[in-house]
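Colleague: Could we go through this model together? I would like to discuss helices, cores and charged pairs.

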Amino acid sequence: MRLKLVKQNTNFDFFSRWKMWLGISALMMVIGFVSFAIQGLNFGIDFRGGTTVRTESTQPVDVAVYRDALSPLGLGDISITEVFDPTFRADQYVSQIRIEAQEGDEAVQGQLIEDIGVALKAADPGMKLPFPSVESVGPKVSGELIQTAAIAVVLAIAAVLVYIWLRFEWQFALGAVAALVHDVILTIGVFSELQIKFDLAIIAALLTIVGYSLNDTVVVFDRVRENLRKYKKKPLNEVLNISINETLSRTVMTSVTTLLALISLYVLGGDVIRGFVFAMIWGVIVGTYSSVFVASTILLWLGVKRNWDKPDANVGNQYANIDA
């Protein structure tokens, strides 16, 4: 027996309530915009500036113990990660502690670095002082990182537009880009609404979400192109429904298996990657949704040529087909 998440020969009508699905998407995007405008994002150290301290000890790193030792100092946002390197000695344990810039200072002051060393030494007698490395990032550099991150996301979406346009037609490209913009806005919106820390790892997650959502969309669009040749007399909305139903099993199976891995990481992975994994979980959900309900609906509205064997075709508004 084989596990089937979706029955064979499904015949769901994905466009019978297309206005409701697009309305839900539009409402969530508006909520995300309003939240971003009112309270903004909870930027992490990468975007606010701060100091990175590299520690070395003869005892194994215990992130929870280090965090408890530093909490009385009131340093605000702290990120602690253990560093692994095959060149380390058997008794060499290294960690990296990132501390946000303190109010009124571009970097953590020398006295505070000494206080951090005393606190860690008390919690870990094997800690070596002074610290091997202390590096600071000011607000100016952090501002440049925000700009660079935004440019990276915009360029990724622009590259997708060109890729889909060359592989299919411009109507497919606009549908795919609309889905990607939808996914990015909703992801940023949920981080703003929940005030989850937003750092460079989340930018990496956004770019990964763009790739994942694009992959889902291309699978559906590829089947649409095949069926446009196969069903030349059927209305476009029927062709799209057939194509989505034919790829539904693959879409659901891919999303579910990906979510199983991500949920496991979210539960067991610890605080270091929890923000990244949360962004990926949310992105997989909205990416799967947008591939079916956003990209395909935009394609239906714009229309496509019906005979791919001929260079010329009639492309027009398909509102009538949506409600047909």
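Colleague: Is H6 mostly covered or exposed?

Modeller: H6 is mostly covered, as 18 of its 25 residues are buried. Buried means under 20% relative accessible area, exposed over 50%, and partly exposed in between, with a 1.4 Å probe and protein chains only. Helices are DSSP runs of H or I with at least four residues, strands are runs of E with at least two, and both are numbered from the N terminus. Please note that this is a predicted model: local features need pLDDT of at least 70, side-chain atom pairs count only at pLDDT 80 or more, and totals for chains, interfaces and linings use all residues. Residues are numbered from 1 along each chain as its sequence is written, and side-chain values use heavy atoms, with hydrogens and water left out.

Colleague: What span should the 25 residues of H6 have?

Modeller: Helix H6 (residues 170-194) should span 36 Å at 1.5 Å a residue, and its end C-alpha atoms are 36 Å apart, which agrees. The expected span is 1.5 Å times one less than the number of residues. Just after H6, Gln195 takes a positive phi of about 55 degrees.

Colleague: Which residues have the most contacts inside the largest nonpolar core?

Modeller: They are Ile164, Phe172, Phe191 and Phe198, in a core of 57 residues. At least two residues of this core come from each of helix H5 (139-167), H6, helix H7 (200-230), helix H8 (236-268), helix H9 (271-293) and helix H10 (295-302). H7 gives the most, with 13 residues. A nonpolar core here is a set of buried Ala, Val, Leu, Ile, Met, Phe, Trp, Tyr and Cys residues joined through side-chain atoms within 4.5 Å.

Colleague: And what is Phe198 in contact with?

Modeller: Leaving aside neighbours within four places in sequence, Phe198 is in contact with Leu41, Asn42, Phe43, Gly44, Phe47, Phe191, Ile203 and Leu206. Contact means heavy atoms within 4.5 Å.

Colleague: Is Glu56 buried or exposed?

Modeller: Glu56 is buried, because its relative accessible area is 15%. Arg89, at 43%, counts as partly exposed. Arg89 also meets Asp91 in a salt bridge, at 3.2 Å from N to O. Glu56, Arg89, Asp91 and Lys128 are linked in a network of salt bridges.

Colleague: Which helices do Glu246 and Arg223 lie in?

Modeller: The side chains of Glu246 and Arg223 meet in a salt bridge of 3.1 Å, N to O. Glu246 lies in helix H8 and Arg223 in helix H7, so this pair ties together parts that are 23 residues apart in sequence. Glu246 is partly exposed at 37% relative accessibility, and Arg223 is partly exposed at 27%.

Technical notes: Salt bridge = Lys/Arg side-chain N within 4 Å of Asp/Glu carboxyl O.
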